[in-house]
Amino acid sequence: MFDFKLTPSLQETQQETEKTRGRVYDLIVLGGGPAGLTAAIYAGRARVDTLVLAGSLPGGQPANTDVVDNFPGFPEGLEGPELVRRFQSQAERFGCQIELEEVVEVDFFSRPFTVRTHRATYQALAVIVATGASPRRLGVPGEDKFFGRGVSACATCDGFFYRDKRVAVVGGGDSAVIEALFLTRFAREVVIIHRRDELRATQIYQEQAFANPKIRVAWDTVVEEVLGDQTVSGVRVRNVKTGEMETIEVDGVFIYVGMDPKTELFAGQLDLDEWGYIVSDHRQRTNVPGVFAAGDVQDPLYRQVVVAAGTGAVAAMEVEKFLGEYPKSRIDKDVSTACCETEL
Amino acid sequence: MPLLNEEITAQVKEQLSDLEGPVRLVMFTQEFECQFCAETRQLVEEIAALSDHVTAEVYDFVADQNRAAEWSIDKIPAIAVIGAQDDGVRFYGIPSGYEFTSFLHAIKTVSSGRAELSTEGVQALAELSEPVHIQVFVTPTCPYCPPAVMLAHQMAISSPMVRADMIEATEFPHLAIKYEVMGVPRTVINETTHVEGAAPEPMVLEKLQEAVQGA
Ligand SMILES: Cc1cc2nc3c(=O)[nH]c(=O)nc-3n(C[C@H](O)[C@H](O)[C@H](O)COP(=O)(O)OP(=O)(O)OC[C@H]3O[C@@H](n4cnc5c(N)ncnc54)[C@H](O)[C@@H]3O)c2cc1C
């Protein structure tokens with residue numbers, strides 16, 4: 001009944017923080033998910049001096065995923081946290097330094113590139129951006145006020161607090177329906193609020209949801225506001241077909257309306273597409289020579305562990321090539337002109 | 001049956017192989033009436049067996065009342081992670097699931113005596129003149145929780161004024177209700193101030209200072 005997860009966050013490199021001051025790394029990888037860790041494995045193995053800044057969710061999305069069933073090489077599937085823990089041990093075996101710091105600012109205009117966290121400022125000749133994606137918010141009044149206190153994006157974390165209560169799940173995809181089913185273990189009633197007249201989720205999940213007496217679906221409905229004084233008391237919703245407004249009384253709201261790439265930090269420095277994804281080419285290059293992007297942060301289409309890992313590997317191999325062409329001694333002088341002319 | 005499987009055991013052993021100083025896991029249990037007391041005790045004993053530097057001490061919450069008071073333990077199951085001195089690092093409820101990571105982290109950090117905080121953070125904590133009590137509410141199934149717990153414990157290790165508890169909310173539902181926990185992690189500072197989510201160090205520091213000034 002108990003399990004004991006050793007997630008990647010265990011690794012502490014306390015002594016090394018001192019060593020990092022004033023040092024210019026070959027490569028800094030932003031993100032400790034499948035893309036970032038795979039990039040680190042490749043870079044470390046190629047003896048590229050690499051620092052990984054893993055942020056607040058070391059291991060990335062799989063750290064929050066029950067089972068990953070389709071990563072090749074694991075015929076029985078593997079728990080998400082265990083899969084990424086293995087990614088990390090492998091990166092460490094090749095000598096990569098991994099820190100749990102959240103990047104708060106980057107400067108890709110001057111070289112070496114600068115990356116700032118709450119704790120320190122780091123510099124590197126090349127950067128791989130692999131900050132992944134995070135759950136999208138609704139952007140309605142009341143959502144921020146109650147986030148963490150009645151509005152949640154993690155049913156496995158917070159489901160327990162809704163024993164015998166009523167909750168709303170917003171969304172209609174696999175995650176929304178899977179989590180709605182999970183929440184029926186605790187909640188007395190689960191209302192799925194979906195903006196269309198049919199669910200997007202896989203058929204078997206839909207069938208389970210429709211067969212579950214605790215679940216009902218509010219079709220063609222969008223949330224306009226999360227209501228409540230001290231705690232959440234309900235959601236104000238609008239029927240998109242009739243325009244009718246209504247209040248649904250609930251004690252909690254779980255939001256599963258998709259993912260957004262984590263790219264706010266890079267706006268104005270890296271080219272982003274209209275949905276906020278980093279624009280990269282098939283060699284994972286961005287518009288800034290020496291800055292590469294890998295994984296969900298640049299992938300609006302597939303968003304899979306194996307794809308993230310694949311692009312992470314490509315990015316690291318490209319970094320190796322980049323560093324070969326522009327070794328440390330030349331980078332200041334040459335790269336901003338020479339390499340930009342050839343690349344763009 | 002051991003709680004830790006072979007694979008995890010091997011990893012823990014490896015993680016604990018380079019401990020710098022001795023660590024005492026002071027565990028409080030009770031003969032009856034504690035949901036996961038038996039398992040928590042077993043966990044502590046299994047871990048102590050994996051390193052020469054780690055020892056387990058098991059006490060009875062009722063029979064050893066005075067000791068419980070001495071370690072300021074007020075509920076069970078409880079684990080105090082003690083290094084060269086008592087830094088105020090506590091776990092209430094079994095550190096299973098994702099919290100196992102926080103637990104091993106606490107052992108390692110207490111052993112070295114070095115918290116990894118920013119220079120500003122260390123400075124701000126050094127200036128504290130009043131005691132601060134941080135309680136981090138978690139569930140074992142919350143991947144966002146260990147960073148919040150680890151940060152609180154680092155603050156405790158960094159400052160003699162700060163003590164920090166992990167509280168496993170499902171084992172202490174009355175506390176979850178008392179502190180209005182509807183989502184985790186939720187960090188409660190000095191009873192009054194709270195932070196939702198795995199907030200970065202500067203934000204928690206700011207709240208901590210707010211809590212001290214507000215008092
Ligand atoms: C519930 C769920 C189930 C899934 N199931 C599957 C599945 O079965 N199979 C499959 O192939 N895929 C699955 N996926 C998708 C898969 O998890 C992602 O495609 C993959 O994790 C993307 O990897 P990534 O490294 O690009 O980004 P992420 O996994 O999102 O990792 C991003 C990393 O960047 C870090 N980061 C973010 N911002 C910063 C910052 N400012 N500074 C420093 N670090 C930062 C984060 O802490 C994290 O470590 C699932 C996703 C979810 C949410």
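Biologist: Where does Pro112(A) sit, and what makes a stretch a strand?

Modeller: Pro112(A) is in the loop between β6 (103-107) and β7 (113-117) of chain A. Those two count as strands because a strand is a DSSP run of E with at least two residues, whereas a helix is a run of H or I with at least four, and both are numbered from the N terminus. The model is predicted: local features need pLDDT of at least 70, side-chain atom pairs count only at pLDDT 80 or more, and totals for chains, interfaces and linings use all residues. Residues are numbered from 1 along each chain as its sequence is written, chains are lettered from A and ligands numbered from 1 in the order in which they are written, and side-chain values use heavy atoms, leaving out hydrogens and water.

Biologist: Is the peptide bond from Arg111(A) to Pro112(A) cis or trans?

Modeller: Cis, with omega near -10 degrees. Chain B has a cis bond too, joining Ile76(B) and Pro77(B), with omega about 0 degrees. Pro77(B) is in the loop between α3 (65-70) and β3 (78-82) of chain B.

Biologist: OK, the ligand. Which of the 31 residues around the ligand come nearest?

Modeller: Ala54(A), Leu57(A), Gln61(A), Gln304(A) and Val305(A). "Near" means a heavy atom of the residue within 4 Å of the molecule. The shell splits into 13 nonpolar, 13 polar and five charged residues.

Biologist: What makes a polar contact with the ligand?

Modeller: A pair of N or O atoms within 3.5 Å. A ligand oxygen is 2.8 Å from a polar backbone atom of Ala35(A), so that passes. A backbone N or O atom of Leu57(A) is 2.8 Å from a ligand oxygen, and one of Gly55(A) is 3.4 Å from a ligand nitrogen; both pairs therefore qualify under the 3.5 Å limit. Overall, the protein covers 85% of the 1000 Å² of accessible area (Shrake-Rupley, 1.4 Å probe) that the ligand has on its own. The elements giving two or more residues to that shell are α2 (34-45) and α8 (305-325) of chain A.

Biologist: How do you know how chain B is divided into domains?

Modeller: The bounds come from an automatic or database assignment: domain 1 (6-112) and domain 2 (119-213). Their C-alpha centres are 19 Å apart. The contact (heavy atoms within 4.5 Å) takes 22 residues from domain 1 of chain B and 24 from domain 2 of chain B.

Biologist: And how far apart are the centres in chain A?

Modeller: Domain 1 and domain 2 of chain A have C-alpha centres 35 Å apart. Their bounds are 10-134 + 259-338 and 151-255.

Notes. A polar contact is a pair of N or O atoms within 3.5 Å; within protein, one must be able to donate a hydrogen and the other to accept it, and residues adjacent in sequence count only if both atoms are side-chain atoms. Ala, Val, Leu, Ile, Met, Phe, Trp, Tyr, Cys and Pro count as nonpolar, Asp, Glu, Lys and Arg as charged, and the others, Gly among them, as polar.
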